[in-house]
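Dear colleague,

Please find below the structure that I am handing over to you. My notes on what was found in it follow directly after.

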Amino acid sequence: MLRIADLLGCSRTPVHADESSILLLDRPGIEWGDRRQRGFGWIEGEIWRSGPPVAGWKDAARRGLNGLVLEGRKRFLHTSVNGIAPVYWLEEDGATYFASRIDPLVRSARGPLSIDWQAWAATIALRYPVGERTPFEEVRRLPSMVAMRRRRFGGTQIRSETSPWEEAEPRVGVALACERVVEALDVSLEPVEGEVICPLSGGRDSRILFCALARDGRVARAITTSDDEGDTHEEALAEPVAAASGVPHERLLGAPADYMSDWEERARRVEYQFVDHAWLVPVMRRLEGVAAPVPDGFGLDIFFTSGRHFFTPETLDYRAGEKANREMFDLIRRYGRGNQALSPELHAPVESSAREQYLAAARRYEGHPSQAILSLYATRSLRGVSTYATCLLGETAPMLMPGAHNGVVVAALEAAAEEKLDGELYDGVLERLGTPGGMLPSTTDTPRKAVQLPRRWCSPPALEGHRRLLSEGPLAGHVSTELLDWLDAPDGVELSGDLRLGMEAVSMFHAWWRRYRDILREVDARDLLG
């Protein structure tokens, strides 16, 4: 336990310790109690405020807490309603160990560990693991709104509770939902005093948070980084929004020579669980040491349900149950089939494994009016996208994520998904915020220009780094010849989205394998065939 604490940077002085449980934290614990239960918790993505007494662990979870609960002689761990704070666990020597990061758990384990090939199949095919799986077979991630306890003879037991998000159903129109969302946003942002450095892209998620904070002068500076797609799309759309509120705007750029070190850092910080290139690392470095909370638009796109990237009449037809979930899986896959970067015999097994895992994770929400929204949040958002706010940016600055605040989510879910498809909730919230620049053009309604600037992700240092990563590792003999040919002669030829995603995924897998191969049992890529 002390080894885990040291690797996490926690104090060796327990927040709580008795004969059956121990909790060590890297920050002051949040203590609560009533006549039946006492708790010691921590929070991520929100700011804890004193308010009405916590009425049991489920109330604590709704308010964003994760923690250890003491109920008589019982001891159990619980997660929050949004599940943002990662809680990983493994069993060893008759005990259950948990931590907010995977690395300290596996570095402290006594025996060799096993690769979870199903987790990696989903990561290659979808960009992230699904459900409770992690890259290691022995390590699992707790879902949102669960209680985990250890019984003397039954081992680790996990009980899921109904979430307030599952209890929310469409019952009001978009106009009233907009009012309630703005009220909940104000509550979530109320503790932020000012001097905020606000990441601002060209999209609407970060814009909503910028506008909510800038309308009363709490934003000191807006920062935008290039998304490394060959133009200035994001920066050009963000700058006039900041200027309209008189907020200084800063553009962040990364150097091609630093790309692979940025890439390795990004992969390590997200614990090899989200496939992407290194475009966001300049923001991470800029925020290092920032004291004021940094707002992040995580979750808003899912609960505002705008656009047709993932939400279509077919995916929103919750009466169709599993069929709608299959439609969602196929829609996600249209934006990148990373398994195409592998040799042909692996294409079908990898995709089939990912599909089965997605359907299993989404089954919990079948038949719910917000089936598509809750399923996508529990899979793509929670297991992939959230790692940027919690692990990448969250390692250097305190992050604030109102889009996963219980009040904001419940208010957004009370408007029917079909009524939000064309951006009505976004528009209504921005209009009610009334901040200058809020309704300026965004990425939603502004087409991209053709590639006209050099891109770091396909610069010579980046390609050399990917060649090196792909050439050594368990999948080295199973990389698509088309991808290898492009890496050898990329000039003038655009890499397909499928192969680009697959290149990033297999490179990340090999980077993970190189980092942990000394503690792994034998890894055989043929296991991907099932």
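**A buried loop arginine**

Arg218 has a relative accessibility of 10% and therefore counts as buried (buried means under 20% relative accessible area, exposed over 50% and partly exposed in between, with a 1.4 Å probe and protein chains only). This is a predicted model, in which local features need pLDDT of at least 70 and side-chain atom pairs count only at pLDDT 80 or more, while totals for chains, interfaces and linings use all residues. Residues are numbered from 1 along each chain as its sequence is written, and side-chain values use heavy atoms, with hydrogens and water left out.

Arg218 sits in the loop between helix 7 (205–214) and strand 13 (219–225); helices (H or I, at least four residues) and strands (E, at least two) are DSSP runs, numbered from the N terminus. Leaving aside neighbours within four places in sequence, Arg218 is in contact with Leu189, Glu190, Val192, Glu193, Gly194, Glu195, Val196, Ala212 and Leu213, where contact means heavy atoms within 4.5 Å. Val192, one of these, is 26 residues from Arg218 in sequence, and their C-alpha atoms are 7.8 Å apart in space.

**Nonpolar cores**

The largest nonpolar core has 158 residues; such a core is a set of buried Ala, Val, Leu, Ile, Met, Phe, Trp, Tyr and Cys residues joined through side-chain atoms within 4.5 Å. Ile208, Phe210, Val429 and Trp512 have the most contacts inside this core. Helix 19 (residues 497–516) gives the most to the core, namely 11 residues. Apart from it lies another core, of 14 residues, with Leu23, Leu68, Ala85 and Val146 among them.

Which residues does Phe210 touch, not counting residues up to four places away in sequence? They are Cys198, Leu200, Val219, Ala222, Val241, Ala242, Ser245 and Val247.

**Helix packing around helix 17**

Two packed helices are described by the angle between their axes and the distance between the axes. The axes of helix 17 (residues 460–471) and helix 19 come within 8 Å and cross at roughly 60°; axes are lines fitted to C-alpha atoms, for helices over the stretch in contact, and angles run from 0 to 180 degrees between N-to-C directions. Helix 17 and helix 19 are therefore oblique to each other, given that angles under 35 degrees count as roughly parallel, over 145 as roughly antiparallel, 65 to 115 as roughly perpendicular and the rest as oblique. Their crossing is left-handed, a term used if the near helix is turned anticlockwise from the far one by less than a right angle, with right-handed used if clockwise.

From helix 17, His466, Arg468, Leu469 and Leu470 meet Met503, Glu504, Val506, Ser507, His510, Ala511 and Arg514 of helix 19. The contact of these two helices has 5 nonpolar, 3 polar and 3 charged residues (Ala, Val, Leu, Ile, Met, Phe, Trp, Tyr, Cys and Pro count as nonpolar, Asp, Glu, Lys and Arg as charged, and the others, Gly among them, as polar).

Helix 17 also packs with helix 18 (residues 481–488): their axes come within 10 Å and cross at roughly 140°. That angle makes helix 17 oblique to helix 18, and the crossing is left-handed. Here Leu463, His466, Arg467 and Leu470 of helix 17 meet Leu483, Trp486, Leu487 and Asp488 of helix 18. By class, this contact has 5 nonpolar, 1 polar and 2 charged residues.

Helix 9 (259–269) is mostly covered, with 8 of its 11 residues buried. The buried residues are Tyr259, Met260, Asp262, Trp263, Glu265, Arg266, Ala267 and Arg269, and they pack against helix 10, helix 14 (371–392), helix 17 and helix 19.

Most residues other than glycine have a negative phi, and most peptide bonds are trans. Just after helix 9, however, Glu271 takes a positive phi of about 55°. Met145 is placed in the loop between strand 9 (140–141) and strand 10 (146–151), and is buried with a relative accessible area of 1%.

**Two further loop residues**

Gln452, by contrast, is exposed, with a relative accessible area of 52%.

Yours sincerely
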